[in-house]
Amino acid sequence: MSLTLAELAQLSGSELRGDPACRVSSVGSLDDAEPGQISFLTSRHFEHYLARTRASAVILSRAWADKSAGNVLINENPSLAYALIAAALTRPEKPAPGVHPSAVIDPSAEIDATARIEPNCTIGARVRIGPDAVIGPNCVLAEDCEIGDGSHLVASVTLGSRTRIGARCLIHPGAVIGADGFGLANDGGRWVKIPQLGRVILGDDVEVGACSALDRGALKDTVLHDGVKLDNLIHVAHNVEIGESTALAAQVGIAGSTRIGAWCTFAGQAGVAGHLEIANGVNISGLTAVTRSIHEPGTYTSTVPAMEHAQWRKNFVRIRQLDELSRRVKALEKILQNRGDEESLADRDK
Amino acid sequence: MSLTLAELAQLSGSELRGDPACRVSSVGSLDDAEPGQISFLTSRHFEHYLARTRASAVILSRAWADKSAGNVLINENPSLAYALIAAALTRPEKPAPGVHPSAVIDPSAEIDATARIEPNCTIGARVRIGPDAVIGPNCVLAEDCEIGDGSHLVASVTLGSRTRIGARCLIHPGAVIGADGFGLANDGGRWVKIPQLGRVILGDDVEVGACSALDRGALKDTVLHDGVKLDNLIHVAHNVEIGESTALAAQVGIAGSTRIGAWCTFAGQAGVAGHLEIANGVNISGLTAVTRSIHEPGTYTSTVPAMEHAQWRKNFVRIRQLDELSRRVKALEKILQNRGDEESLADRDK
Amino acid sequence: MSLTLAELAQLSGSELRGDPACRVSSVGSLDDAEPGQISFLTSRHFEHYLARTRASAVILSRAWADKSAGNVLINENPSLAYALIAAALTRPEKPAPGVHPSAVIDPSAEIDATARIEPNCTIGARVRIGPDAVIGPNCVLAEDCEIGDGSHLVASVTLGSRTRIGARCLIHPGAVIGADGFGLANDGGRWVKIPQLGRVILGDDVEVGACSALDRGALKDTVLHDGVKLDNLIHVAHNVEIGESTALAAQVGIAGSTRIGAWCTFAGQAGVAGHLEIANGVNISGLTAVTRSIHEPGTYTSTVPAMEHAQWRKNFVRIRQLDELSRRVKALEKILQNRGDEESLADRDK
């Protein structure tokens with residue numbers, strides 16, 4: 001597929017400076033794009049490639065536009081313009097509908113005539129698969145699942161019973177949606193399983209990364225609202241609710257019954273304790289532990305940055321003495337205060 | 001299925017206050033249960049629903065019993081009573097035994113006549129599957145595995161050769177049990193694989209969460225004793241031993257050869273270094289790093305709680321200066337001591 | 001298979017002290033080896049077993065050789081000697097080549113006549129599988145993948161399109177290689193997917209642990225060089241590059257576009273932020289957050305070691321006050337300095 005720069009400018013809402021009839025057929029990075037490719041610049045680190053790129057055109061923000069002698073598409077959100085253009089140039093062919101004969105499908109399942117079921121899938125009783133949905137190879141859908149229009153389970157995805165996936169969702173390999181939550185009652189040392197009776201409900205346009213595990217609710221449902229994006233190896237426990245367009249990076253874990261607002265971001269390996277409320281618009285840094293509810297938007301962090309091991313040894317032993325150190329400082333202050341140094345001490349916050 | 005409150009009181013060991021003949025057929029949460037459902041109260045947060053629930057009966061502890069005008073089942077462990085009652089009301093039908101024709105089963109495998117093998121499974125040589133066991137769709141059992149009575153591999157579970165699963169175990173989708181441990185010898189910069197020759201042995205009543213990975217021993221076995229419960233995305237390295245009824249929450253990692261006692265709990269994302277001993281009855285908090293053996297029961301923590309990013313920036317830069325700060329305080333104390341302030345300094349611990 | 005000690009000494013580059021004709025047929029641990037087995041000693045913790053082991057021979061370093069009355073193979077790297085000897089004694093039979101009839105293979109795939117494809121696999125268009133490769137049960141290879149000579153996908157492995165696996169790689173169950181990277185552009189709160197067009201390229205002799213997820217590049221490729229070893233549940237984001245013979249322990253996460261050098265080690269649950277450079281020969285401790293590039297070899301740490309919960313409560317509240325505490329110490333120093341105590345303060349670093 002090839003498109004003109006005029007067409008790409010229009011579909012991405014960009015201003016074109018250059019030849020509207022110039023055609024490009026694929027995307028490339030600034031340093032190794034060939035003629036016939038379009039590239040982009042979103043980071044200062046790659047600015048030096050701009051002068052010598054062989055790309056037929058470059059997507060960039062206005063601030064950089066004057067530094068390029070070639071065709072440019074100017075957009076204040078060049079990442080977005082790139083996403084739209086790359087999607088237009090690489091749109092895969094719609095796969096042919098149909099059910100592969102190696103798939104094992106319960107006779108009570110309802111599969112739309114435009115859907116596609118790939119080899120070695122197992123699809124349970126009363127499953128409903130919507131128009132244009134694609135169930136990739138070796139997926140398992142337990143009974144009573146529903147898959148919305150145009151959703152794609154890439155391969156090796158497993159859904160527990162009654163899982164509901166909205167429209168245009170993308171579920172990557174190894175993801176498990178709708179396994180039992182971790183619900184246990186203790187009977188004098190012995191654990192007794194609490195039946196996990198809820199479902200997992202995914203809204204529209206949700207993406208779930210490879211090997212992520214989303215548990216069904218204990219009694220009510222686990223819910224991911226429209227536009228939620230999950231990276232790989234994420235744990236979402238039972239009864240969690242995640243608001244619209246919130247994005248979780250890899251290896252994040254959300255404990256049970258926590259409710260996360262909309263438009264939040266969680267960086268990798270962050271962990272959130274159970275039964276908390278996180279407001280809309282909260283950003284959590286990587287490897288950060290959220291142990292209390294957060295009521296105000298903003299960025300929250302507890303990442304401990306790596307240091308040289310010798311420095312770490314010297315300093316981290318002191319963490320165990322912090323309380324004592326604090327008391328010692330208090331004692332020193334008291335001595336000096338008794339001697340009439342209040343004024344000097346009051347200076348400390350300046 | 002429906003049961004009377006008298007029956008439910010008996011099976012859960014609860015005291016009934018109300019109508020013994022009242023029948024309930026399912027469970028519901030306090031706020032949206034319907035007549036014909038039984039609910040429960042285990043947290044102060046939901047107490048306000050008690051007065052206006054439409055549930056036919058509520059399971060609760062004695063302290064709350066007087067606040068309900070309706071039928072109540074009184075139990076000092078309402079979570080346990082709920083678990084038993086919910087299980088009784090939702091007991092699934094026993095699935096029909098038999099081997100699905102799409103499963104590929106080595107002729108030397110021994111499958112009990114009452115077991116069930118679902119579609120697209122691959123079962124290796126000399127595997128033995130006990131009575132009433134269920135091997136869900138798309139599971140792989142390598143050669144010489146043994147599955148005990150009534151165990152259930154839900155779907156898409158993979159077992160390495162010689163893995164032994166006890167009775168009544170529940171293994172969730174995506175779990176991998178018996179892959180090679182991470183054993184490497186270094187040959188001048190190049191890694192040489194150390195053959196992983198041990199097994200994974202699971203006792204009875206073990207639960208393994210979605211996408212958890214339990215490695216076979218290097219030479220001896222990796223062992224999880226009876227009643228161990230693992231949540232999702234957990235790593236158990238080679239030669240680990242986990243004692244009876246210990247429970248690990250999601251994303252916990254246990255490094256090689258560590259031995260964990262019985263009745264321990266590990267909260268999410270905790271990590272334990274290799275070759276350690278953890279006593280019985282130890283509780284580890286979330287995102288905590290266990291770097292030394294723990295010989296006494298109790299709770300251990302190193303969670304760094306999230307704070308506002310600006311506050312974090314200001315304070316965390318000081319961690320690198322902790323040792324220096326400690327020395328500065330020491331110097332100040334020395335000066336004042338030299339001046340005869342010992343008495344005041346001795347006050348600091350009061 | 002059995003081999004003489006003379007043969008084992010030769011293949012492992014060890015010095016034999018004892019009977020060269022003595023035959024051993026398997027390996028065992030020092031405490032429970034039987035005659036006919038060979039054992040090893042690599043840790044002081046097991047030294048006391050040396051005197052009473054029943055093993056026919058023991059692999060150990062020279063320092064321990066005099067403490068054994070029996071046959072010994074002396075090697076300054078006994079782990080390596082053990083790895084070589086255990087591999088020689090346990091070498092599995094080469095599995096018979098051939099394609100299982102239950103595998104679904106696109107007619108355009110090219111499968112070497114010496115390769116083996118196990119049951120319930122799904123293999124896409126134009127996939128190329130090299131000599132002696134083994135694709136275990138229930139694997140999925142999307143279109144245009146390449147598998148090098150002698151590589152082994154154990155079972156339930158999923159490869160995204162165009163993934164390239166070198167020679168002699170070992171990929172454990174549940175691993176997902178070549179799923180989409182987590183690339184999103186923000187359009188006023190709504191996420192727009194950035195097409196992920198790169199590949200994952202694995203060199204030769206790479207090992208990937210169970211349930212690890214390696215994402216394809218966004219535009220260029222994600223690359224793991226020869227001899228890279230990954231444990232379980234690891235996340236490697238798009239465009240990451242990992243140098244030769246670097247080893248990552250379980251649950252490590254590497255964010256996008258980070259470049260890691262050769263001969264590095266990462267302990268469990270470490271996390272590395274995106275767009276960083278890590279030099280050759282860097283060792284990262286467990287649960288450590290790498291937030292900046294590292295230009296010098298060495299060990300880097302930010303692990304916070306677990307302590308008793310009460311001690312933690314007392315000390316960790318002070319972390320939020322560290323900056324204030326530091327200012328208070330500064331104020332005290334100033335007071336004393338004004339009084340002419342400079343000399344004493346200068347002592348603090350001694």
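Predicted model: local features only at pLDDT ≥ 70, side-chain atom pairs only at ≥ 80, totals over all residues.
Residues are numbered from 1 along each chain as its sequence is written, and chains are lettered from A and ligands numbered from 1 in the order in which they are written. Chain A holds six helices and 40 strands, where helices (H or I, at least four residues) and strands (E, at least two) are DSSP runs numbered from the N terminus.

**Overall form of chain A**

- The radius of gyration of chain A, taken over C-alpha atoms, is 27 Å, whereas a compact globule of 350 residues would have one near 20 Å, by the rule of 2.2 Å times the number of residues to the power 0.38.
- Along the principal axes, the C-alpha atoms of chain A fill a box of roughly 85 × 70 × 35 Å.
- Of the 350 residues of chain A, 57% count as buried, a class that requires 20 or more other C-beta atoms within 10 Å of the residue's own, with C-beta atoms placed from the backbone.
- Among the contacts in chain A with a separation of 6 or more, 20% are between residues 24 or more positions apart, a contact being two residues whose C-beta atoms, placed from the backbone, lie within 7 Å.

**Strand pairing within chains**

- In chain A, nine strands form an open sheet with parallel pairing, in the order β10-β13-β16-β19-β24-β27-β30-β33-β36; two strands are taken to pair if DSSP finds at least two bridges between them.
- The edge strands of this sheet are β10 (110-111) and β36 (277-278) of chain A, each of which pairs on one side only.
- Within the sheet, β27 (residues 222-224) and β30 (residues 241-242) of chain A run parallel and are joined by two bridges, with E241(A) in β30(A) as the bridge partner of V223(A).
- In chain B, β37 (residues 282-284) and β39 (residues 298-301) pair in the parallel sense over three bridges, and N283(B) stands opposite T299(B) in β39(B).

**Relation between the copies**

- Chain B is superposed on chain A by a rotation of 120 degrees with 0.0 Å of shift along its axis, at an RMSD of 0.0 Å.
- Only 16% of the interface residues of chain B are also interface residues in chain A, so these copies too meet through different surfaces.

**Contacts between chains**

- The contact between chains C and A takes 63 residues from chain C and 64 residues from chain A.
- Elements giving two or more residues to the chain C side include β39 (298-301), α4 (309-316) and α5 (322-338) of chain C, and α5(C) gives the most, with nine residues.
- By class, that side has 32 nonpolar, 19 polar and 12 charged residues, where Ala, Val, Leu, Ile, Met, Phe, Trp, Tyr, Cys and Pro count as nonpolar, Asp, Glu, Lys and Arg as charged, and the others, Gly among them, as polar.
- Strand β40 (residues 307-308) of chain A runs antiparallel to β39(C) and is joined to it by two bridges, with E308(A) opposite Y300(C).
- β39(B) and β40 (residues 307-308) of chain C likewise pair in the antiparallel sense over two bridges, and E308(C) is the bridge partner of Y300(B).

Conventions: Buried ≥ 20, exposed ≤ 12 C-beta atoms within 10 Å, placed from the backbone. Least-squares fit on C-alpha atoms with pLDDT ≥ 70 in both.
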